[in-house]
Amino acid sequence: MRALPCALFALLSAGASAATITTVPDAAVKQAIVLRDQALKDGRAYALLESLTTEIGPRLAGGVNDQKARDWAVAQFQALGYDKVWTEPVTYPKWVRRSESASLVAPFAQKLAVTALGYSPATPKGGLSAPVVLFDSLDALKAAAGADVKGKIVFVNARMKAHKDGHDYGIGSAVRSRGPAIAAELGAAAFVLRSAGTDNHRLPHTGVTQWADGGKRIPAAAVSAPDADLIAAAVRRGQPVQMKLQLDCGVEGEYTGANVIAEIRGSEKPDEVVIMGGHLDSWDLGTGAIDDGAGVAIGMAVGKLIGDLPQPPKRTIRVVAFANEEAGLFGGKAYAAAHKHEVAQHVLGSESDFGSDRIWRLSASVKPEALPAIDAMMQVLAPLGVERGSGSGNGGPDLSPIHAEGMAALSLTNDGTRYFDIHHSADDTLDKVDPEQLAQNVAVYVSWAYMAAQADGDFGSAPGAFKQGGAED
């Protein structure tokens with residue numbers, strides 16, 4: 001007798017009836033292996049990504065390429081033979097970047113590589129000059145006295161290190177998103193941080209800020225890592241350091257974009273969907289190849305591979321190119337609001353939004369009775385180098401809002417060792433994408449998606465089922 005998978009053994013030992021257990025038929029497993037191996041040789045995702053980054057380029061939400069990118073996505077989905085393609089509106093503040101510059105003016109004159117942060121207001125015309133006060137962490141800023149900060153430019157020099165799971169982004173993103181509002185409440189004139197990145201290139205990393213409704217807002221920017229070191233070195237000399245910051249940017253009303261959605265319709269249960277995708281927007285410094293053109297291309301290629309099968313799967317494969325993830329998950333929140341009444345029909349979901357290097361870990365938030373189906377997926381994914389994670393999954397950023405409504409979800413973690421070298425910077429370009437590693441991503445997504453679409457039983461999606469479920473990523 002063949003040994004039972006551990007999860008299945010535990011369920012049977014606990015008295016779960018066979019009728020409640022979600023399984024993947026042997027024929028579906030065999031077909032998933034065929035699709036997996038086909039995906040490893042298929043260059044469609046890379047071709048799609050080359051098209052997006054070359055023909056459209058940067059895709060700042062609400063910017064000049066927003067509509068062009070949506071038109072591109074609709075046309076590509078249609079050309080790939082998807083059964084249904086449509087858009088759903090997403091409205092959000094329109095933030096505009098026009099120009100930016102910064103320099104040290106005392107005690108040494110030094111030009112700085114700088115970029116404004118999303119939702120930063122502009123400096124006064126002609127810029128502002130003020131003394132610099134340095135903090136090594138967000139906690140140090142929180143503990144500061146207002147008298148030490150008022151009228152000054154707050155500079156937070158928190159460092160990130162590279163890790164496979166990218167966990168130091170929790171340091172950098174917290175400083176970037178929350179630091180400006182904290183500094184503003186303390187009376188600072190402006191806020192500058194060491195870029196939330198792990199590189200040593202003289203390229204700053206942008207990203208979004210968070211402001212309280214009705215709270216004070218101040219100009220906010222990031223400098224490159226070498227320039228952060230330069231500022232710190234100047235401060236260490238004990239003389240007052242003066243910086244000039246000039247930002248021409250800000251919110252110009254509202255903009256209505258859209259999520260672009262496409263489906264390969266299921267043959268037996270078309271109202272039940274397996275969902276994946278990526279966000280179509282990007283920051284404007286690079287061309288958005290790893291963040292997140294790759295995720296969009298992966299989803300498009302997966303649907304094409306499954307759609308080309310002689311027989312569609314039982315359930316529908318849905319791929320979403322989400323709007324404006326970068327400035328606040330607007331596309332994901334809009335999707336959850338529009339579809340939360342259908343959460344029970346969202347069988348399983350996962351978004352690709354952590355670059356395109358190899359996927360090495362799968363974490364799942366599913367009902368216990370569905371673990372045997374996850375075990376079956378792991379048998380197909382293990383040869384690709386994918387390990388079983390011990391934590392839960394939230395489906396990725398844009399699917400986390402509907403996961404919170406109760407959708408079962410997977411988190412598929414890419415190797416993030418070099419991701420934050422590139423993320424949100426001018427270095428986010430096509431040459432950073434390895435075609436073979438991108439193909440491995442497609443192979444992973446097509447495998448689990450097809451098996452989920454063919455599974456006997458469900459994965460536990462239901463209103464409120466995973467409100468406490470979270471992601472480790």
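Biologist: Leaving aside neighbours within four places in sequence, which residues is Lys 304 in contact with?

Modeller: Contact means heavy atoms within 4.5 Å. With neighbours within four places in sequence set aside, Lys 304 is in contact with Arg 44, Leu 80 and Tyr 82. This is a predicted model, in which local features need pLDDT of at least 70, side-chain atom pairs count only at pLDDT 80 or more, and totals for chains, interfaces and linings use all residues. Residues are numbered from 1 along each chain as its sequence is written, and side-chain values use heavy atoms, with hydrogens and water left out.

Biologist: Where does Lys 304 lie, and does Lys 304 count as buried or exposed?

Modeller: Buried means under 20% relative accessible area, exposed means over 50%, and partly exposed is in between (1.4 Å probe, protein chains only). Lys 304 lies in helix α9, residues 289-307. Lys 304 counts as buried because its relative accessibility is 16%. The helix and strand names come from DSSP runs (helices H or I, at least four residues; strands E, at least two), numbered from the N terminus.

Biologist: Where is Glu 268, and why does Glu 268 count as exposed?

Modeller: Glu 268 sits in the loop between β8 (242-264) and β9 (269-279). Glu 268 counts as exposed because its relative accessibility is 58%.

Biologist: How far apart in space are Glu 268 and Pro 312, C-alpha to C-alpha?

Modeller: Glu 268 and Pro 312 are 8.9 Å apart in space, and 44 residues apart in sequence.

Biologist: At what angle do helices α3 and α4 cross?

Modeller: Two packed helices are described by the angle between their axes and the distance between the axes. Axes are lines fitted to C-alpha atoms, for helices over the stretch in contact, and angles run from 0 to 180 degrees between N-to-C directions. Helix α3 (residues 44-56) and helix α4 (residues 66-79) cross at roughly 150 degrees, and their axes come within 11 Å. Angles under 35 degrees count as roughly parallel, over 145 as roughly antiparallel, 65 to 115 as roughly perpendicular and the rest as oblique. Therefore α3 and α4 are roughly antiparallel to each other.

Biologist: Is the crossing of α3 and α4 left-handed or right-handed?

Modeller: A crossing is left-handed if the near helix is turned anticlockwise from the far one by less than a right angle, and right-handed if clockwise. The crossing of α3 and α4 is right-handed. In α3, Leu 48, Ser 51, Leu 52, Glu 55 and Ile 56 meet Lys 68, Ala 69, Trp 72 and Gln 76 in α4. The contact residues divide into 5 nonpolar, 2 polar and 2 charged. Here Ala, Val, Leu, Ile, Met, Phe, Trp, Tyr, Cys and Pro count as nonpolar, Asp, Glu, Lys and Arg as charged, and the others, Gly among them, as polar.

Biologist: How far apart are the axes of α11 and α14?

Modeller: The axes of α11 (residues 371-381) and α14 (residues 435-454) are 10 Å apart, and the helices pack at an angle of about 150 degrees. That angle is why α11 is roughly antiparallel to α14. α11 passes α14 in a right-handed crossing. Ala 376, Met 377, Val 380 and Leu 381 in α11 meet Val 444, Ser 447, Trp 448, Met 451 and Ala 452 in α14. By class, this contact has 8 nonpolar, 1 polar and no charged residues. α11 is mostly covered, with 9 of its 11 residues buried; among them are Pro 372, Asp 375 and Met 378.

Biologist: How many residues does the largest nonpolar core have?

Modeller: In soluble globular proteins, nonpolar side chains tend to be buried together. A nonpolar core is a set of buried Ala, Val, Leu, Ile, Met, Phe, Trp, Tyr and Cys residues joined through side-chain atoms within 4.5 Å. The largest core has 81 residues, and those with the most contacts inside it are Leu 348, Trp 448 and Phe 459. Helix α14 gives the most to this core, with 12 residues. A second, separate core of 51 residues includes Leu 60, Val 114, Ala 174 and Trp 211.

Biologist: Which residues are joined by a cis peptide bond, and which have a positive phi without being glycine?

Modeller: Most residues other than glycine have a negative phi, and most peptide bonds are trans. A cis bond joins Ala 106 and Pro 107, with omega about 0 degrees, and another joins Asp 291 and Asp 292, with omega about 5 degrees. Leu 329 has a positive phi near 55 degrees, and His 424 has one of about 65 degrees. His 424 is in the loop between α13 (419-422) and α14, and counts as buried because its relative accessible area is 6%.
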